[in-house]
Amino acid sequence: MGSEKYPSENGFDAFLKKHGGSDNASTDCERTVFQFDVQRRSFKEALDRWAQFFICPLMIRDAIDREVEAVDSEYQLAKPSDSHRKEMLFGSLAKADHPMGKFCWGNAQTLKLEPKKQKINVYKRLRAFWKQHYSASYMTLAVQSKEKLDTLEEWVREIFSKVPNNKLPKPDFSNLLDPFDTPAFNKLYRVVPVRKVHALNITWALPPQEKHYRVKPLHYISWLIGHEGTGSILSVLRKKCWALALFGGNSETGFDQNTTYSIFSISITLTNEGFQNFYLVTQLVFQYLKMLQTLGPQQRIYEEIQKIEANEFHYQEQIDPIEYVEDVCENMQLFPKVDFLTGDQLMFHYDPDVIHGALSLLTPERANLMLLSPEHEGRCPLREKWFGTQYSVEDIAPEWMGKWTGELELDSSLHLPEENEFIATDFDLKPSDCPDTELPVRIADNEKGCLWFKKDNKFKIPKAYIRFHIISPVIQKSARNVVLFDLLVNILGHNLAEPAYEAEVAQLDYKLVAGEHGLVIKVKGFNHKLPLLFHLIVDHLAAFAASPDVFSMFSEQLKKTYFNILIKPDKLGKDVRLLILENSRWSMVEKYQALAAGLTVDDLMQFSQSFKSELYAEGLVQGNFTSAVSGRHRTDHDRTDCHRTDHDRTDCHRTDHDRTECHRTDRRRTDRHRTVHIRTVHDRTVHARTDLDRTDLDRTDLDRTDRPHCPRPH
């Protein structure tokens, strides 16, 4: 809007654009954050221009009207979002005098039309708001540059010392605790979503948990709730064909966590059967929670999470400076100085009493249920005021509440995760045992395969990358074989979902790609445990199996995938073009016809055997390994039936301790999604994905194949 020193309305944006910079702002429930970046040589001037907005902003009346239009535009864009619609409906359940029950977006009606009708001067209100809240005593500032720290401090003192200080106490909301202690809470809300999806949200409103940031009890609980391995909620629901995905925890947005309450929610994406049995799905969640409450906090599990978070923090890749200063600046509002850089990421100490205190509040009596389904259309007479969400409200069925609050028997298929053997503990950099080269060198080669190696002597981090191309001539013999290979790769990824989950949470990443001529296996992460993940994948390939139900499920899904390509002119055009250009290529029409003609699980198993009987393996090992270790693997028996040579099995180093190793990239943490006015911040919600989609049909140039986890109903 311009300032007294720099009055041009869009002068700052023009300055940043001219000097290769950008800026943004975001508003949460209790905080507003402004940030910018610019080329180093223009940093000081940009700081001065930016600081003037907080020292002497002009707030031109015409500019305010334009900003109202921008706010209204964002509101209109947000209206179709189910997540925003759920938030507004949930907020409406709060006490009438609590800010959460207010409209937290703003639009033309509330900022322009209503004030005009009520003769409210928006300009005066805005000036008064700025004077009250934009005080130096409330603000925190973070700057990052390659300038010397003394220079940066000098600039900050010089430029920002004129920010006004109203000398008033900081706003306090401690008198607004328990906002959801109302008759409207602890009900069943049936909601009509925008998307065609069935979903169940189970939500608790807890006392504020920010003060426990060094223990992070909600993160510990969400880790277990969102677990995908054997014995988890999602694992059991998938086997029952009731759920596709599960998200659990607290997102740490202002809506989920502030000084008046903390939210803990569990969101489950349901199948059609799961929707019909949503009370049983809810019961399974309460059974798992009762198990956690009965067993109590587990130090072993807490320390595993603690190690994983510490590994991720200490070896994280550098993030964009504009995002880093935003994170630090916000942390300065939340944590003491010693924890500015670590308070939002690390788990500092195990305190079972704090964890038990949070766990004990997650009871059926305190839960609110929200069931979303397009089948509710026409049955929901109520409408949320601002987003128009259709919903109905009713008491939770007394017979179910009685079961949950009585002597609820535990489900024997539910249990805690086993010890995670994929967590890296050795971060030593391996000594180089060969001359440093710019490109990978071939260290093994024969008629059955070859291995390439490149030592990392540049970044010097304890991570590595392994890629293998398992080539077989049988794939391209017919369109039928190509289809069977697609099925094999997708079902292999499905079979790996649970056993490889522990590797993923330990920050090891893998991907399976159905290439033109073979299977591409990619794994990356901390080198200490990486071979274990690679061997896990190869072992599952060697022992590949598929049940008739799983085969039927993936056949149906692949048929839909092929069909979706055929009806898209750009995809079909590319397929025809490549069919003309390539000597040996099977068209999408031929593959669709081969699949539609009918395949059986026996056909797949026969193809699997022929595929594994004629293989050529080409691999690359790069990173914190030595060439000797990379090519040293030998075994006396052919575990894959793949005519493996000394290096073919992994060519990436396996010693006695290597069978317990692995790593993955940052999965649970979601980047802060930034939009002006409403923001999603650093997300500690643990996601149990429906598509652990580690497979890709490279030949078809498709989006990743969707892989439902439940057999198709007969």
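Asp48 is buried, at a relative accessible area of 12%. Buried means under 20% relative accessible area, exposed means over 50%, and partly exposed lies in between (1.4 Å probe, protein chains only). This is a predicted model: local features need pLDDT of at least 70, side-chain atom pairs count only at pLDDT 80 or more, and totals for chains, interfaces and linings use all residues. Residues are numbered from 1 along each chain as its sequence is written, and side-chain values use heavy atoms, with hydrogens and water left out.

The side chain of Asp48 meets that of Lys5 in a salt bridge, 2.7 Å from N to O. The pair links distant parts of the chain: Asp48 sits in helix 2 (residues 43-55), Lys5 in the segment before helix 1 (11-18), and 43 residues separate them. Lys5 is partly exposed, with a relative accessible area of 48%. A salt bridge here is a side-chain nitrogen of Lys or Arg within 4 Å of a carboxyl oxygen of Asp or Glu. Helices (H or I, at least four residues) and strands (E, at least two) are DSSP runs, numbered from the N terminus.

## Other salt bridges

By this rule the count comes to 21 salt bridges. Side chains of opposite charge can pair when their charged atoms come close.

Glu158 and Lys44 form a salt bridge at 3.5 Å, N to O. Glu158 lies in helix 7 (residues 149-160) and Lys44 in helix 2, so the pair ties together parts that are 114 residues apart in sequence. Glu158 is partly exposed at 46% relative accessibility. Lys44 is partly exposed too, at 33%.

Glu304 pairs with Arg300, with the closest N and O atoms 3.5 Å apart. Both lie in helix 12 (residues 299-314), 4 residues apart, which means a separation of about one helical turn. Glu304 counts as buried at 12% relative accessibility, while Arg300 counts as partly exposed at 36%. Glu516, Asp575, Glu582 and Arg585 are linked in a network of salt bridges.

## Overall build

The protein has 714 residues, and 52% of them count as buried. Its secondary structure comes to 23 helices and 17 strands. The protein exposes about 33,100 Å², of which carbon and sulfur atoms supply 52%. Accessible areas come from the Shrake-Rupley method with a 1.4 Å probe; for residues, only the protein chains shown count as cover.

Contact means heavy atoms within 4.5 Å. Among contacts with a separation of 6 or more, 81% join residues 24 or more positions apart.

## Covered elements

Helix 8 (residues 217-225) is mostly covered, with 9 of its 9 residues buried. Among them are His219, Trp223 and Ile225.

Strand 11 (residues 449-455) has 6 of its 7 residues buried, so it is largely enclosed by the rest of the structure. Strand 10 (residues 441-446) and strand 11 run antiparallel, joined by 5 bridges. Two strands pair if DSSP finds at least two bridges between them. A hairpin through 2 residues connects strand 10 to strand 11. Ala444 has Leu451 in strand 11 as its bridge partner. Strand 11 also pairs with strand 15 (residues 616-623), in the parallel sense, over 7 bridges. Here Gly449 stands opposite Ala617 in strand 15.

## A buried loop residue

Asn107 lies in the loop between helix 4 (82-91) and helix 5 (108-117). Asn107 is buried, with a relative accessible area of 4%. A polar atom of the Asn107 side chain lies 3.1 Å from the backbone nitrogen of Gln109. Leaving aside neighbours within four places in sequence, Asn107 contacts Val71, Asp72, Tyr75, Lys112 and Trp386.

## Helix 13

Ile322 lies in helix 13 and is buried at 13% relative accessibility. The C-alpha atoms of Ile322 and Ser22 are separated by 9.0 Å, although the two are 300 residues apart along the chain. Beyond neighbours within four places in sequence, Ile322 contacts Ser22, Gln35, Phe36 and Asp37.

Tyr324 also has its place in helix 13 (residues 321-334). Tyr324 is partly exposed at 35% relative accessibility.

## Positive phi

Most residues other than glycine have a negative phi. Lys119 has phi near 60 degrees, a positive value. Lys119 lies in the loop between helix 5 and helix 6 (122-133) and is exposed, with a relative accessible area of 76%.

Glu252 has phi near 65 degrees, again positive. Its loop runs between strand 5 (243-249) and strand 6 (262-270). Glu252 counts as partly exposed at 25% relative accessibility.

Methods: A polar contact is a pair of N or O atoms within 3.5 Å; within protein, one must be able to donate a hydrogen and the other to accept it, and residues adjacent in sequence count only if both atoms are side-chain atoms.
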